[in-house]
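Me: I have a model open in my viewer and would like to learn how to read it. Could you take me through it, feature by feature?

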Amino acid sequence: MSAGKEAAKVMRREQIIDAAEKLFFTKGFERSTMDDVAGTAHFSKRTVYAYFSSKEQLNFEVMIRGYRLLIAMLKKEEQKWAEGHIDSRLEQMAIALYTFSKEYPGYFSAIFSYENAEADFQEDIPDQSLKECYALGEEVFGMLTRLIREGQAGGLYRKELDPVKAALVLWSCMDGIFNTSKVKAGYIQSMHHTSPDSVVAYALQMLIRCIKK
């Protein structure tokens, strides 16, 4: 294939993902169809299927974009944390995840909605999309477990904790806190006269205290 044809193919592929992303973020993944994607991308449905086997594969491609953005954000923050105390580094990572949830709510929702769904390791998703998405997800999770291990090695966190299980619990709790602060923002402000941001900060401090000695 010539370089020109290859470039055109890559461009069409990105245009289809752009269309799917726009639909998933506005209409929702469940309510969007491949017909919608084809119409929004201005391609035939046959062309869309020539690039992607299913709506689920497109969702993985959207999550891949989200993970790349999140990892870029975390690595940028990681450079600032390099000289910091391990305790503050874990808190700063949690704050960076919260910032991502606010700045990129569509990507956050795509990633965490999938993680909270029962479906996993779907067989109808091509290996490349599946493997890349899971590899990026594990890269983010690896940052969290690494900080916990470093905290244990430095004598700050409880040594009896399983770092992977502790990271899974922290990850799940943060998902719940971030989601509650978003969907119940009005309730938190009007009934309890505090801000969602302050509730998130309080929750993160509580979580970190749970793993400290």
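Reply: Happy to. Let's begin with contacts: a contact means heavy atoms within 4.5 Å. In this protein, residues 24 or more positions apart account for 67% of the contacts that have a separation of 6 or more. Before going on, note that this is a predicted model, where local features need pLDDT of at least 70, side-chain atom pairs count only at pLDDT 80 or more, and totals for chains, interfaces and linings use all residues. Residues are numbered from 1 along each chain as its sequence is written, and side-chain values use heavy atoms, with hydrogens and water left out.

Me: How many helices and strands does the protein have?

Reply: Helices (H or I, at least four residues) and strands (E, at least two) are DSSP runs, numbered from the N terminus. Here you will find 10 helices and 0 strands. The C-alpha atoms fill a box of roughly 60 × 45 × 30 Å along the principal axes.

Me: What share of the residues counts as buried?

Reply: Buried means under 20% relative accessible area, exposed over 50%, and partly exposed in between (1.4 Å probe, protein chains only). By that rule, 42% of the 213 residues are buried.

Me: Which residues have the most contacts inside the largest nonpolar core?

Reply: The general idea comes first: in soluble globular proteins, nonpolar side chains tend to be buried together. A nonpolar core is a set of buried Ala, Val, Leu, Ile, Met, Phe, Trp, Tyr and Cys residues joined through side-chain atoms within 4.5 Å. The largest one here has 63 residues, and Leu 58, Leu 74 and Phe 178 have the most contacts inside it. Helix H4 (residues 55–81) gives the most to this core, with 11 residues. For a close look, pick Phe 178: leaving aside neighbours within four places in sequence, its contacts include Ala 94, Leu 97, Phe 108 and Leu 204.

Me: Now the backbone. Where is His 42, with its positive phi?

Reply: Most residues other than glycine have a negative phi, and most peptide bonds are trans. His 42 has a positive phi of about 60 degrees although it is not a glycine. You will find His 42 in the loop between helix H2 (34–41) and helix H3 (45–51), where it is exposed at 70% relative accessibility. His 193 also has a positive phi, of about 50 degrees. That residue sits in the loop between helix H9 (185–192) and helix H10 (196–211), and His 193 is exposed too, at 69%.

Me: How many salt bridges does a search of the whole structure find?

Reply: Side chains of opposite charge can pair when their charged atoms come close. A salt bridge is a side-chain nitrogen of Lys or Arg within 4 Å of a carboxyl oxygen of Asp or Glu. The search finds 12. In one of them, Asp 18 meets Arg 65 at 2.9 Å, N to O. Asp 18 lies in helix H1 (residues 3–26) and Arg 65 in helix H4, so the pair ties together parts that are 47 residues apart in sequence.

Me: Is Arg 65 buried or exposed?

Reply: Arg 65 is buried, with a relative accessible area of 15%, whereas Asp 18 is partly exposed at 41%. Arg 65 also forms a salt bridge with Glu 21, the closest N and O atoms being 3.0 Å apart. Glu 21 lies in helix H1, so this pair links parts that are 44 residues apart in sequence.
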